Structure formats: structure tokens, C-alpha cells
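I opened my notebook to work through one protein chain step by step, and I wanted to write down each thing I looked up together with the rule behind it.

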Amino acid sequence: MTEHRPRGLHGQTVEALASRILSDEWGEGTVLDLPALREELDISLTALREALKVLAAKGMIDARQKRGTFVQPREKWNMLDADVMRWQTAAAEDPGLLDELTEVRAVVEPAAARIAADRASGEDVEALREALSDMAAAGDDPEACVQADLAFHRRLMAATHNNFLVRMERVIAIGLAERDKLVHGDPTAEDPVPSHRKVFDAIVARDPAAAEQAMLTLVAKSREDLEKAQRTRS
């Protein structure tokens, strides 16, 4: 799940091409006119092909002899790729995307909390404690709340010491970040510290069942907060 942040001309080109696909300017099956596109973007054909390779690796485009380079159907996209998720949430092209990411959280995070309660090291506990402290100190600052919340959940996944779950952190983080932007920007949002503290306390107590239940409750509340924020926004 290599993330391709826009750095320099190459990164900007990747972002520009992805934007056209996400906006449906280039729909499924669209064949790209590479010479015309190269001229429009004012880049070399080599630079264009390098950018297209990035999108091909993410399943968004493909190239075939006699057909050329074309946009792939969405079911071919690597939906677990960090960039693909980031682009979709930024484009807001699918109102159900955050709901689906919340469902993933409901499956993954309670199990991760259960494992973390059994495996977390002293360093893991201190990292979680620091994130919880930052969350409490964030107060009414939405950006600080978002960053502290993300830090807590990232450190929770790291505390599982399971390489596959640690990789899932990117999936969790992107869905959580977009959800947090909506929820923590709501002045009526409830304090997130108590629900996170229950997860933390269960991990410190080495109580896997309690950690799992606390996270189930936290994610359920997260879903409620998201639905409320979406209703308010609409």
C-alpha cells in the first residue's frame, strides 16, 4: 500500500491524472490520448508514462496492445491502497465510503484492542498514554483533536505486534481522519477522551475481553457521531 504524496512534477502529475478519474471526467473504459495529454500537461512522454505506471500499480488504469491505455472499472482498483482511499475521500464521490470504512474499523479495531491487551509492551502503553494525554489537552481545537485521535489508533495497531494489523493502520487512519474532520468540527461533539480511556485502561489491566468490548463501544459511538455530523452537514 505505497502512498504517493504529491512531490515535484511527478507527484503533481499523478495527482492530476487521478483527479480526472475520480471525477469521472475519464470514466470506465476511457482510452487516454497520450500525445495530446503530454502536450496539455506540458511534460515529456517519459514523465507521463512514469505517472501512469503509478496509477496502473493501483489498478486504476491498464494498457493493452491495440487498445492503448484505458481506465479500469472500480472493482479492479486496489481499494486498500492509501492513495486510492485518500483520493476517494477527498473527492467525496461516494457518500457511502465513510460508512464502509467504519464497518472495517468495527471488524478490525476490537480484535486489535484484544490482542494489544495481551501483547502491548511498556513502550506501547506509554505511547498510548501520551496520545490520550494529547487528546485531553486538545480541548476545542479540531485539528489537535484529529491528530491526537489518529495517534491513539495508530499506536493501538502498533501495540498488536502483528505485521498485517500494523499495515491495516493506513486503512483505519484514512477513514478515521475523514470522520474526525466532520465530527470534531461540530461544536456539539462529545469529549472523546472517556471512551478512549476505557480502551487504554483495559489494555493496561491486561484484560483482552474488556479491551475488545471497550473498542466495540467506541466504534459504535463513532458511527453514531458520524451519522449525526452527516445529517447536520446535509
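I began with contacts, meaning heavy atoms within 4.5 Å, and found that residues 24 or more positions apart account for 69% of the contacts in the chain with a separation of 6 or more. I noted that this is a predicted model, in which local features need pLDDT of at least 70, side-chain atom pairs count only at pLDDT 80 or more, and totals for chains, interfaces and linings use all residues. Residues are numbered from 1 along each chain as its sequence is written, and side-chain values use heavy atoms, with hydrogens and water left out.

Next I listed the elements, where helices (H or I, at least four residues) and strands (E, at least two) are DSSP runs numbered from the N terminus. I found 11 helices and two strands, in the order α-α-α-β-β-α-α-α-α-α-α-α-α from the N terminus on.

I then looked up burial, where buried means under 20% relative accessible area, exposed over 50% and partly exposed in between, with a 1.4 Å probe and protein chains only. Buried residues make up 44% of the 234 residues.

For the nonpolar cores, I used sets of buried Ala, Val, Leu, Ile, Met, Phe, Trp, Tyr and Cys residues joined through side-chain atoms within 4.5 Å. The largest core has 24 residues, and those with the most contacts inside it are Phe152, Leu156, Val199, Ile203 and Met215. Helices H5, H6, H7, H10 and H11 each give two or more residues to this core. A second, separate core of 21 residues includes Leu37, Ile43, Ala51 and Val84. Going back to Leu156, I saw that among the residues it touches, beyond four places in sequence, are Glu109, Leu128, Ile203 and Met215.

In H10, the buried residues are Val193, His196, Val199, Phe200, Ala202 and Ile203. After H10 comes Arg206, which has a positive phi, near 55 degrees.
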